[in-house]
Amino acid sequence: MNTAAPISRRHFCRVTALASGALLVHVQALGEIAVRRRDHNAKATPFSPGAFVSIDPNGQITIIVARPEIGQGVRTSLPMLVAEEMDADWASIRVEQAEGVDAAAYGDQYAGGSQSVRNGWDPLRRAGALARTMLVAAAASQWGVDPSSCTTSHSTVHHPPTGRRLSYGVLTTAAAQLPVPTDVTLKNPAAYSIIGHPTRQVDGDAIVHGTERFGIDVRIPGMRVASVERAPVIGARVLSVDDAAARAIPGVRDVITIDADALPGFGDNSPRPPNGVAVIADSTWIALKGRRALRVTWSAGAAAEDSADRRAECQRLAALPPERVVRNDGDVVRAFVGAARTLEAVYELPLVAHAPMEPMNCVADVRADRCDIWAPTQNPAGARDVAARITGLPPAAVTVHITRSGGGFGRRFYSDFVGEAAALSRAIRGPVQVVWTREDDIQHDFYRPASCHVMRGALDDRGQIVAWSQYLINAQRGEFLRWQLPAGVTSLPAGDELGPYDFPAGFVPNLRLAATALHSPVPLGQWRSVEESTNVFVYQCFIDELAHLAGRDPLDYRLALIGASTTMPLEGRGSYDAQRLRHVFELAAREARWGTPLPAGMGRGIAGAYANHAYVAMVAEVEVDSQRDIHVHRIVAAADLGTVVNPLGAAAQIEGSIIFGLSAALKHEITVAKGRVTQSNFTDFPVIRMNEAPTIELHFLRSAGPPLSGGEPGVPATAPAVANAIFAATGIRVRRLPIRRVDLAAS
Amino acid sequence: MRLTLSINGQAREADVPADTPLLWVLRDALALTGTKFGCGIGACGACTVLLDGVATRSCQLPVTGAVGKPVTTIEGLSAAGGRRLQAAWLHEDVAQCGYCQAGQLMAAASLLARTPHPTDAEIDAAMAGNICRCGTYGRIRRAIHRAAEPAST
Ligand code: FES
Ligand code: FES
């Protein structure tokens with residue numbers, strides 16, 4: 001049994017006095033703090049807090065991580081924040097994944113937008129500091145000394161004047177009886193012994209021994225496996241199913257049609273899955289065999305959808321006036337008339353898939369009064385809500401067991417795969433694991449939207465940019481994510497994928513950003529670094545074009561444009577510091593020895609941005625050989641991520657982002673023909689492999705501010721750095737991704 | 001069909017259709033989920049195991065092809081002489097999501113068994129079949145070189 005007594009209205013601090021003597025520190029979403037003692041016989045879930053630490057009387061410190069681990073390293077970086085401020089012995093802490101979803105206790109639990117460390121920075125450090133303060137108070141009162149004469153290290157309170165010491169474990173019972181301080185003092189960063197120190201991930205050992213459990217590894221008693229044949233044409237419905245051959249296969253238990261169009265639970269950031277027919281079997285292989293034996297007749301669906309037509313439509317729209325002007329500074333028309341030189345260029349980006357290494361999967365166990373979901377999800381609350389609406393159960397009756405995810409990249413933010421599993425478990429009245437094949441994954445993704453950008457630039461007689469215009473034709477995020485519109489609003493304005501503060505907004509006197517919406521039935525979603533993955537490519541290539549038009553060095557040209565600017569406004573009340581952007585450009589260039597000669601056939605390209613909340617610039621060294629094959633030999637990157645909590649993990653994120661960005665630059669393209677996605681596996685949707693991976697050199701700018709981000713900001717600059725390097729090597733300007741050999745043949 | 005397999009030095013029985021790929025026998029029938037499913041067509045390497053000491057795509061091998069041959073999975077890598085490689089992986093903090101890493105380790109173990117001191121080109125050739133979507137290639141390369149160093153360093 002647990003009781004909670006509010007101590008302070010403002011801080012919502014609570015102590016629960018219970019038998020076992022375990023001390024729990026609980027930090028709520030907005031930095032609110034509660035301290036509890038937990039009875040080990042009691043269920044942990046009723047008060048499952050967002051991020052908390054418990055100390056057993058035997059000294060075992062457990063730190064709970066509420067956000068999903070998708071490879072971004074939160075199971076290491078978030079506990080580091082807690083452990084630092086409580087002076088816990090890092091080597092002996094245990095990390096546990098929070099069970100279930102509880103917004104009131106945890107706050108946001110999603111993994112997305114590169115914000116986990118940034119948003120955890122304050123509350124998690126405060127959680128650690130609070131635990132430490134109370135443990136010190138307990139020791140000091142036992143010794144009869146002033147708490148300020150005590151120090152802490154390695155999970156122990158010391159009293160240096162007398163040489164006494166007490167480990168945290170023996171202090172938990174006493175600490176939990178103490179009043180909860182209403183405020184705590186955080187460490188001076190100079191005293192950090194965990195934050196800022198390269199720290200290997202806590203799950204490494206389980207991973208190299210094959211014992212780490214991902215979503216696809218979940219096994220529960222009585223569980224069947226399902227494989228789903230999904231509508232081959234976008235939007236098609238099941239007309240009829242001949243499942244006789246499938247049902248004849250020993251081990252096939254059932255065949256169930258999923259009328260996804262009729263399932264409740266989707267909408268508002270949660271697009272629905274395609275319609276499908278599921279084969280339920282005793283094992284994955286039998287389910288796959290059963291599925292192959294199905295004969296399904298489908299309705300026509302969006303059989304007219306075709307990527308080539310859509311591209312032509314984009315180009316047609318590009319010639320028309322935009323639907324909406326997102327930003328309009330100065331007088332662009334007049335500036336163009338009076339310009340010494342002008343340039344117009346059209347950039348195009350394709351649909352791309354996420355293709356995380358672990359295909360989508362989910363185990364659902366729907367009972368009359370409860371539902372358990374085991375899902376490699378980036379969005380546990382979204383998964384819960386979809387499951388609740390499909391099963392008709394209240395959200396509180398749905399438990400989402402958050403498993404490790406084999407990559408995410410935005411794909412697992414959507415709960416289509418959870419909804420399918422919940423619907424199937426409800427239909428068969430038992431637990432079922434839905435396993436997607438790679439073909440399912442590539443063909444039924446929510447793709448990064450394809451886009452077309454008409455760029456225009458005007459230079460004065462000294463080569464300076466006097467006018468800049470970007471006209472974007474692209475899908476509408478609010479439309480493809482099915483945002484619920486406020487009352488009275490019937491459609492969303494075009495241009496929600498165009499940042500009105502994107503570079504060079506604020507640096508160029510006459511600037512116009514405009515957009516027209518493109519509508520298509522292709523399922524779309526957000527992809528690692530979201531619109532920055534396309535916009536930064538476009539503006540960092542186009543500024544390169546203008547630099548060359550002006551006869552200027554591309555680095556100097558960018559630096560001159562930034563000039564002495566400092567605080568640049570962002571949407572809302574945010575801002576970024578243009579000098580920090582300058583510094584990452586300078587650092588990347590210096591470390592890459594920008595301007596020094598390279599062998600023939602090779603070129604250097606630079607690109608950088610404040611994007612996804614951080615500053616990253618990079619120089620790519622690229623060779624285009626006599627066969628017109630592209631070899632990216634080296635990428636030198638500089639990043640200002642604010643305070644880097646775990647340099648080893650943050651570096652992994654930037655390194656990985658560069659490889660991810662490179663796959664998009666050189667390989668990725670999803671096309672739709674007659675309403676069907678053409679690509680199906682890593683053969684026709686290839687990714688960068690070991691033999692194609694460049695050497696990556698990464699330099700962090702020393703930065704004292706709070707952490708910014710890590711998971712995404714390395715992606716956007718990669719493609720433009722490579723395209724700019726290809727121009728430097730060959731004189732050929734590539735304005736369309738992925739960059740193909742054929743683009744380099746025309747010289 | 002009833003089969004006896006030799007997995008990680010143990011005789012293991014499975015009753016599965018004869019055309020079942022070894023991958024699904026390991027994962028579904030034997031609860032050895034360390035070996036991963038990534039593509040099902042031999043294109044990603046996530047399912048790599050050692051068959052007779054050689055890296056093999058278990059998604060492409062019907063289980064009958066494994067009968068009578070020793071199979072080593074990631075769960076048995078330590079006992080099969082892989083500790084040094086695993087230690088190198090940990091030292092370099094290779095994994096991000098970790099999903100591909102079982103396959104990467106098995107491919108690397110196979111490489112080092114044949115080529116104890118591989119060059120970068122030999123690493124490229126041996127590892128190009130193993131995709132890491134998280135992009136850990138640089139650290140994988142360093143870990144393989146580290147595992148190949150003389151034990152004294
Ligand atoms: S799953 Fe076997 S090679 Fe990809
Ligand atoms: S570590 Fe995620 S796929 Fe390799």
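Student: Is B:Ala31 buried or exposed?

Tutor: Buried means under 20% relative accessible area, exposed over 50%, and partly exposed in between (1.4 Å probe, protein chains only). B:Ala31 has a relative accessible area of 58%, so the residue is exposed. This is a predicted model, in which local features need pLDDT of at least 70 and side-chain atom pairs count only at pLDDT 80 or more, while totals for chains, interfaces and linings use all residues. Residues are numbered from 1 along each chain as its sequence is written, chains are lettered from A and ligands numbered from 1 in the order in which they are written, and side-chain values use heavy atoms, with hydrogens and water left out.

Student: Where does B:Ala31 lie, and what is its phi?

Tutor: Most residues other than glycine have a negative phi, and most peptide bonds are trans. B:Ala31 has a positive phi of about 60° although it is not a glycine. The loop between α1 (22-29) and β3 of chain B holds B:Ala31. Helices (H or I, at least four residues) and strands (E, at least two) are DSSP runs, numbered from the N terminus.

Student: What is the phi of A:Arg593?

Tutor: Phi of A:Arg593 is positive, near 55°, and this residue is not a glycine either. A:Arg593 sits in the loop between α16 (578-591) and β27 (602-611) of chain A. Its relative accessibility is 56%, so A:Arg593 counts as exposed.

Student: Is A:Ser657 buried or exposed?

Tutor: A:Ser657 has a relative accessible area of 0%, so this serine is buried. Its place is in helix α17 (residues 647-666) of chain A. The side chain of A:Ser657 reaches the backbone oxygen of A:Gln653 at 2.7 Å. Contact means heavy atoms within 4.5 Å. Leaving aside neighbours within four places in sequence, the contacts of A:Ser657 include A:Arg528, A:Glu712 and A:Thr718.

Student: How many residues are in contact between chain B and chain A?

Tutor: 47 residues of chain B are in contact with 58 residues of chain A. Buried area is the accessible area (1.4 Å probe) that two parts lose on being put together, summed over both. Between chain B and chain A the buried area is about 4300 Å², with carbon and sulfur atoms giving 58% of it. On the chain B side, B:Gln96, B:Arg133 and B:Tyr137 lose the most area to chain A, together 20% of what that side buries.

Student: How many salt bridges and polar contacts cross the interface of chain B and chain A?

Tutor: A salt bridge is a side-chain nitrogen of Lys or Arg within 4 Å of a carboxyl oxygen of Asp or Glu. The rule finds five salt bridges across this interface. B:Asp19 forms a salt bridge with A:Lys289, with the closest N and O atoms 2.9 Å apart. A polar contact is a pair of N or O atoms within 3.5 Å; within protein, one must be able to donate a hydrogen and the other to accept it, and residues adjacent in sequence count only if both atoms are side-chain atoms. There are 27 residue pairs in polar contact across the interface of chain B and chain A (both at pLDDT 80 or more).

Student: Which helix gives the largest share of the chain B side that touches chain A?

Tutor: Helices α1, α2 (78-91), α3 (101-114), α4 (120-127) and α5 (137-148) of chain B each supply at least two residues of that side. The largest share, five residues, comes from α2(B).

Student: How is chain B divided into domains?

Tutor: Domain bounds come from an automatic or database domain assignment. Chain B has domain 1 (2-75) and domain 2 (78-148). Their centres, taken over C-alpha atoms, are separated by 20 Å. Across the interface of these two domains of chain B the rule finds zero salt bridges.
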